[in-house]
Structures are given as structure tokens and as C-alpha cells.
Amino acid sequence: MTTVAHPLRRFAGDASGTALIEMAIVLPLALSLMIGGVEFGRILSVYSTADKSVRNAVRYLSRVPETGVCSWGLTNARNLALYGVLPGQSADPLVAGWTAPGTITLTAPACGSFTEDTILALDAAVPFQAFMLSALPGFSNTFTLNLRHEERHVGE
């Protein structure tokens with residue numbers, strides 16, 4: 001029994017691999033936190049940009065005459081939300097990957113049913129493509145950010 005116990009005592013007192021074991025335990029957690037922080041920052045930035053652009057689009061639409069809201073006004077508002085400019089001017093999308101005008105819809109009111117207190121509501125579905133989130137278990141790289149802004153129609 002002494003022949004087996006002697007090497008085990010020597011091995012039990014050896015601390016040369018503890019740093020490697022600690023790193024193997026801590027590294028996945030640290031990487032997960034860093035990846036999550038970077039992706040959260042990107043999502044917040046895209047959401048903020050899209051939110052401002054949809055808000056500006058519905059503000060524009062609220063000042064369009066009633067006869068133009070559901071036609072050229074909506075086209076202009078969609079272009080303002082997607083590109084930040086009116087149609088006919090070339091620009092890159094404000095949010096990468098968000099290029100479909102159909103993702104911006106006028107949800108209220110129905111065209112032709114305007115009253116004195118009409119509230120215009122624009123809804124937008126903004127796609128977001130993450131880079132590293134799928135590396136974490138249970139997460140996907142694709143999200144849809146849903147936005148809604150309302151403004152009273154004043155028409156000019």
C-alpha cells in the first residue's frame with residue numbers, strides 16, 4: 001500500500017495545472033458575457049435608429065393632406081423610414097437588411113375614413129441579423145424588431 005500512496009501524495013500536492021483548469025471553467029462564461037454584450041449593443045443601436053426613422057415618417061405623414069395619405073404620402077413616409085430621404089433620391093438603408101417597403105404598414109385608420117381626431121399609426125417590422133448569438137445555446141441569429149408610432153393627423 002505504501003507504493004501506491006507515495007505517488008498519490010506527491011500528485012495531490014502538485015498545483016501546476018490549476019491555472020489551466022480555472023481558465024477552462026471561466027473562459028466559456030466570460031466569452032458568453034462578451035458576445036451577449038456586443039450583440040445587445042448592436043440590437044439597441046438598430047432599434048434606436050429604426051424607432052427614430054419610423055417616428056419621423058409618421059410625423060411627415062400626419063402633415064400630408066387627407067387625399068394623399070394612402071397614396072403618395074404613404075410611399076414618401078415608407079421611403080423616409082427606410083432611407084431617410086424622399087423617393088427619387090439615392091441613399092443606403094438606415095438599417096442594414098431593412099429594404100422592403102412592405103414591412104411598413106399604415107394600420108390606422110382605414111383609407112377614406114378620416115375624422116377630425118384621426119390618429120395615424122405606422123407599424124414596422126425590422127429584420128435584425130446578429131453575428132455571434134447562435135454560438136450560445138438556445139439563441140438564434142435572426143430577430144424581428146416590431147415598432148409602432150402614432151400621430152394625430154393635422155393635414156396641411
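**Close-up views of a predicted model**

**View 1. The disulfide between C70 and C111.** A search of the whole structure finds 1 disulfide, which is formed by C70 and C111, with their sulfur atoms 1.8 Å apart. The pair links distant parts of the chain, 41 residues apart, since C70 lies in helix α3 (residues 69–83) and C111 in the loop between β1 (104–108) and β2 (119–129). The torsion about the S-S bond is about -105 degrees, so the disulfide is left-handed. With a relative accessible area of 28%, C70 is partly exposed, whereas C111, at 52%, is exposed.

**View 2. The largest nonpolar core and the surroundings of V126.** The largest nonpolar core has 27 residues, of which L61, W98, L122 and V126 touch the most other members. At least two residues of this core are supplied by each of α2 (18–62), α3, β1, β2 and β3 (142–152). When its neighbours within four places in sequence are left aside, V126 is in contact with V46, A50, V95, W98, F143, T144, L145 and L147. In soluble globular proteins, nonpolar side chains tend to be buried together.

Definitions and conventions: Residues are numbered from 1 along each chain as its sequence is written. This is a predicted model: local features need pLDDT of at least 70, side-chain atom pairs count only at pLDDT 80 or more; totals for chains, interfaces and linings use all residues. Side-chain values use heavy atoms; hydrogens and water are left out. A disulfide is a pair of cysteine sulfur atoms within 2.5 Å. Helices (H or I, at least four residues) and strands (E, at least two) are DSSP runs, numbered from the N terminus. Buried means under 20% relative accessible area, exposed over 50%, partly exposed in between (1.4 Å probe, protein chains only). A nonpolar core is a set of buried Ala, Val, Leu, Ile, Met, Phe, Trp, Tyr and Cys residues joined through side-chain atoms within 4.5 Å. Contact means heavy atoms within 4.5 Å.
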